[in-house]
Amino acid sequence: MQLTLWTYEGPPHVGAMRVATSMEGVHYVLHAPQGDTYADLLFTMIERRAARPPVTYTTFQARDLGGDTANLVVSAVREAYQRFAPRALLVGDSCTAELIQDQSGALAMGMQLPIPVVPLELPAYSKKENWGAAETFYQLVRALVPARAPGAPRPPRPGGRPRANLLGPTSLGFRSRDDVREVTQLLASVGVDVHVVAPLGATPEQLRTLTDADFNVVLHAEIALTTASWLHRVHGMPMVRTVPIGVGATSDFLAEVGRVAEVDVSPALDAASSRLPWYSRSVDSTYLTGKRVFIFADGTHAVAAARIARDELGFTVVGLGTYSREMAREVREAAAAHGLEALICDDYLEVEAAIAAAAPELVLGTQMERHIAKRLHIPCAVISGPFHVQDVPARHSPQMGWEGANVIFDTWVHPLMMGLEEHLITMFREDFEFGDHAGASHLGKTAGGAAVLTAAVDPPATRAPAAPDVRVPSPAASLSAPEVRWSADGERELKKIPFFVRKKARLNTERFAAERGVDVITVETLYEAKAHYGK
Amino acid sequence: MTGTALPVIGTGCADLPVLKERGQREVFCGLTGIVWLHRKMQDAFFLVVGSRTCAHLLQSAAGVMIFAEPRFATAILGDRDLAGMADCNEELDRVVRQLLARRPDITTLFLVGSCPSEVIKLDLARAAARLSREYQGAVRILNYSGSGIETTFTQGEDACLKAMVPAMPAAASDERALLVCGTMADVVEDQFARLFAELGIGPVHFFPPRRAAALPPVGPGTQVLLAQPFLNETTRALVARGATLLSAPYPFGVEGTTAWLRAAAEAWAVTPARFASAIAAPAQRARTAVARYRETLDGKRLFFFPDSQLEIPLARFLARECGVELLEVGTPYLDRLLVDPELALLPPTQLAEGQDVERQLDRCRAQHPDLTICGLGLANPLEADGLRTKWSIELVFSPVHGFDQAGDLAELFARPLQRIAKLKV
């Protein structure tokens, strides 16, 4: 039993819903009680899909238990087949149905429908959403791809351009829609055609032809690695594992495609069109140097973000973690490369504590970390699901490819600039022109009561606190006993330090004092610490 | 008497046949009530004992993804709990201790049953009793079920309030006291409290209270006035403790609010003149406010999918005060005890109880209503089909009761129609 306030992932049957909803011609009969239909709104409201997800719920009630819940499955399957005429049917249990053990998949198989029926076993009490999506996709592909004699060589590739499948984009996948377009263009730039994109937008008929492509591109390992590995093992299809997020990774991706597809990618690499490298070298970006960033996301996006942060923006990664346990190994490796221990965890409170302790200057996370960052008054950019209505912007906004790198530069740097702006407002508040009594300049002299205006306009959460540093728990201080205190002199001197490094100076000094058993921080301690840490 | 002369339209729906359906239901389970209950009682914590689905429902369905530390959580059952490797009761005690150590501000903890906990027959009543002994004097621990196999959406509030009834103190005397039941916004309660004071009705208690630790008294003098039409079990529990139910329509719109207040006024023998003068000004304000939206709503054809149990009272308000035509009024279940006063006022229409969502969608599309009131899962797909919709969950979360909210209530239905008239894309 695990105490959970917020969850990063839903139950595994929601992953199955994501696969079914991504595709055309697939229907999912879910053995579930009343209430589980809440999941429909993830698709109709959060993703704003114009159609209901292709899911029929058996809706059993207490009075059905021990009675005819199994009959409900049979009638739901029959009615769904007649009404929706799917070309492939998924049948499985939600968490409660798993407990009553009606064998819904076997019941449906026994109905001899003239379409492929894929029974799903998604253990709801040990697995989660992304695993459910991966397993569903895998079972569906296994059921549909024609069998191949073991050991038989792959038929030689017909002439013409090489063809790749893009595996992993799904409904409720972070920027899946836009990444598909971007990666398709990227492959076209090296003369590779996209054969099938799956699950997003695929039909059962297309899945049958997956092996006609020359190789698979795994865009989201959480969803597609199981399937791609099986296609590799059983059908001898090579797979490209590099995820093209960031300039370096996009180059590596093209190089890997070049090797697998035997095409020359050097012209495409020479023509690389991202603005990120120049923007990052531009002198105005100097202030980004060494910015401390904390990264927490799904495995794919966390690993990609760490590389971009360090190698392409010149940040320092001070925390790296994921809620995707299936990706723990990859994330641990990436963290080790940054000299960090990865945070593999789906406990929101633990993540919050880790962020507070690391005292980063930028958080790259999910919508949940965005809220943590807001409370800690740290700028934040969202880099990964769980899905939020803001993650389907109206405009094209990919994460992958050259354009994705542009989007990432803007998305990560703008919150820092906004953060700076907020601090400037706080700093200048001490100047008489900017005091609370002065009205907004564009409103002229008559507009008094700026305090009222700001109060009305600024939501409290976004307002910079008068003293940003007092809100952040001080890990050094809390670790040491007795607690380190500041002398009045030391405190006054600290306030003379520019606001944007003051927080770090305070933390470093406290850590320095704690390590040396200094109880009271004086002006001397402050400067000794400064000399010790540099900058 | 101002504002009390009611138009009589037919004989109402009391005797009309009801279409009863059984099939896929597109409604929330009772856990959803936690979303407004925890905000009403700020010293209470709701711990769902359930699955990851329950936790996911609470954070997705309610649109409350603000990720502050909330006063609700889920104790997620794992394989170990189900396989009997871990004693569920010991595990639950451990989670409760962990939680209460973290939140010393909590005075009442609700252990909330879910579909999985019901199916594995985890006895939360015994757990609550056991933990109550442990935390005696510090935290009151109650339990109820919000499971989808037993409750639909607003029934969760009914189950929660019912669980509090045994903990209510016995009234010190048999003196008459008014107990207004059903969660309303604080601002609305304050409005009603002022009106009752003006009418000389008192003492007045609201249930649920703003602090779960301060439960109102109940006894033979308690007169129960329901502000929400879904408190069947709570009402029965209160009656069992000696209370009397004041039967009335619900306080939506001018007519409903007037009749609701009058039920209390009659029990307190308030003179008609005093009643008329007390409600004259707010009722007139409400009429003015509603009139503004009647223009938009008059003659529009409405279709209600079942959702919150508010469908019948709201349909009555929209038909009688805003001039809409009702095509179908769906409700998750029909409890005559609580809705008879409403059915008597409702113009004849197709009443539907329960749901087979596919068939209901067929009927809805065939009739092409001007406005469809439905849950979040159906709204955008219907919009995409060219229908205008109003998501029903807002009706539960917004202050819509009483005179001073009557205009706001009408506006909620007028807004989708006014919006579509504005859009040129």
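Colleague: At what angle do α15 and α16 of chain A pack, and how far apart are their axes?
Modeller: In this predicted model, helix α15 (residues 348-358) of chain A packs against helix α16 (residues 367-376) of chain A at about 45°, with the axes 10 Å apart. Axes are lines fitted to C-alpha atoms, for helices over the stretch in contact, and angles run from 0 to 180 degrees between N-to-C directions. Helices are DSSP runs of H or I with at least four residues, strands are E runs of at least two, and both are numbered from the N terminus.

Colleague: What do we call that arrangement of α15(A) and α16(A)?
Modeller: Oblique, therefore, for α15(A) and α16(A) (under 35 degrees is roughly parallel, over 145 roughly antiparallel, 65 to 115 roughly perpendicular, and the rest oblique).

Colleague: Which residues meet there?
Modeller: From α15(A) you have A:Y348, A:V351, A:E352, A:I355 and A:A356, and they meet A:M368, A:E369, A:I372 and A:L376 in α16(A). Contact means C-beta atoms, placed from the backbone, within 7 Å. By class, the residues of this contact are 7 nonpolar, no polar and 2 charged. Nonpolar covers Ala, Val, Leu, Ile, Met, Phe, Trp, Tyr, Cys and Pro; charged is Asp, Glu, Lys and Arg; the others, Gly among them, are polar.

Colleague: Switching to chain B, how is it divided?
Modeller: Into domain 1 (18-25 + 290-422), domain 2 (30-151) and domain 3 (177-272), with bounds from an automatic or database domain assignment. The C-alpha centres of domains 1 and 3 of chain B are 25 Å apart. Their contact takes 25 residues from domain 1 and 22 residues from domain 3.

Colleague: Which helix gives the largest share of the domain 1 side?
Modeller: α12(B), with 6 residues. That side has 16 nonpolar, 4 polar and 5 charged residues.

Colleague: And between the chains, how many residues does each give?
Modeller: Chain B gives 50 residues and chain A gives 45. On the chain B side, α2(B) has the largest share, 8 residues. The classes on that side are 27 nonpolar, 14 polar and 9 charged.

Colleague: Which strands pair across, parallel or antiparallel?
Modeller: Strand β1 (residues 2-4) of chain A and β3(B) pair in the antiparallel sense over 3 bridges; pairing needs at least two DSSP bridges. A:Q2 stands opposite B:I76 in β3(B).

Technical notes. Residues are numbered from 1 along each chain as its sequence is written. Chains are lettered from A and ligands numbered from 1 in the order in which they are written. This is a predicted model: local features need pLDDT of at least 70, side-chain atom pairs count only at pLDDT 80 or more; totals for chains, interfaces and linings use all residues. Two residues are in contact if their C-beta atoms, placed from the backbone, lie within 7 Å.
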